[in-house]
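Please read this briefing beside the sequence and the model shown below.

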Amino acid sequence: MQSASLPQGVEAVRCWCGDVCKVKEVTDFSDWLGMKFFMCANYESDPPESISAYVRPPSPPPLCMYYRWIDTEMPDWAVTEIRERGRRAWASLDMEERREKAEAEEKAEQKKEWEDYCMEQRDFLDEMIRKNQEEKLRLEEVYRQREQAREAERERKRERARAAKAAEEAGDGKGKYPRWTQ
């Protein structure tokens with residue numbers, strides 16, 4: 001509340017302790033915004049004015065708690081102010097909700113993009129694994145065929161060596177060279 005002037009046509013009143021009342025006006029945002037009232041000059045929440053910035057006098061003890069409303073209705077400017085504050089509050093709330101919704105949509109979009117990227121990477125890795133397994137199987141087949149060919153060649157050479165050895169043992173064995181060359 002703040003000090004205010006006495007409205008025209010209203011007479012000053014005295015409080016219970018006999019002093020002339022102060023006129024105050026409500027300044028906080030409430031149902032009484034802009035309304036004026038009388039209050040005791042010794043009211044407990046109205047501290048005395050300070051003489052200097054460093055010395056603060058103690059608040060006097062309250063003599064009485066008198067107050068009486070002068071206005072019974074809010075002034076037009078206060079009604080307009082309340083409506084305007086309400087409109088701004090709702091606009092701010094609406095803007096906040098829109099911002100939160102946009103953030104949620106952006107976050108959902110980023111999550112979807114991330115999931116799509118992960119799926120692509122998973123598919124790529126699965127394809128690479130499949131190709132590597134196919135290549136491994138193909139190389140195993142090539143190595144198996146080479147091993148079989150090598151084994152067949154060795155078997156052929158062994159057979160040839162056995163045949164040559166058997167022929168040599170079957171021969172007369174008289175000399176170093178075959179018979180027809182002697």
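**Charged pairs and nonpolar core**

At 45% relative accessibility, arginine 138 is partly exposed, a class lying between buried (under 20% relative accessible area) and exposed (over 50%), computed with a 1.4 Å probe on protein chains only. This is a predicted model, in which local features need pLDDT of at least 70 and side-chain atom pairs count only at pLDDT 80 or more, while totals for chains, interfaces and linings use all residues. Residues are numbered from 1 along each chain as its sequence is written, and side-chain values use heavy atoms, with hydrogens and water left out.

**Salt bridges**

- The count comes to 18 salt bridges, each being a side-chain nitrogen of Lys or Arg within 4 Å of a carboxyl oxygen of Asp or Glu.
- Arginine 138 pairs with glutamate 135 at 2.6 Å, N to O; both lie in helix H1, three residues apart, about one turn of the helix, and glutamate 135 is partly exposed at 34%.
- Arginine 130 forms a salt bridge with glutamate 134, the closest N and O atoms being 2.4 Å apart, and because the two are four residues apart in helix H1 (residues 76–170), about one helical turn separates them; helices are DSSP runs of H or I with at least four residues, numbered from the N terminus.
- Glutamate 155 and arginine 162 meet in a salt bridge at 3.6 Å, N to O.
- Glu81, Glu84, Arg85, Arg87 and Arg88 are linked in a salt-bridge network.

**Nonpolar core**

- The largest nonpolar core has nine residues, among them Cys21, Phe38 and Tyr66; such a core is a set of buried Ala, Val, Leu, Ile, Met, Phe, Trp, Tyr and Cys residues joined through side-chain atoms within 4.5 Å.
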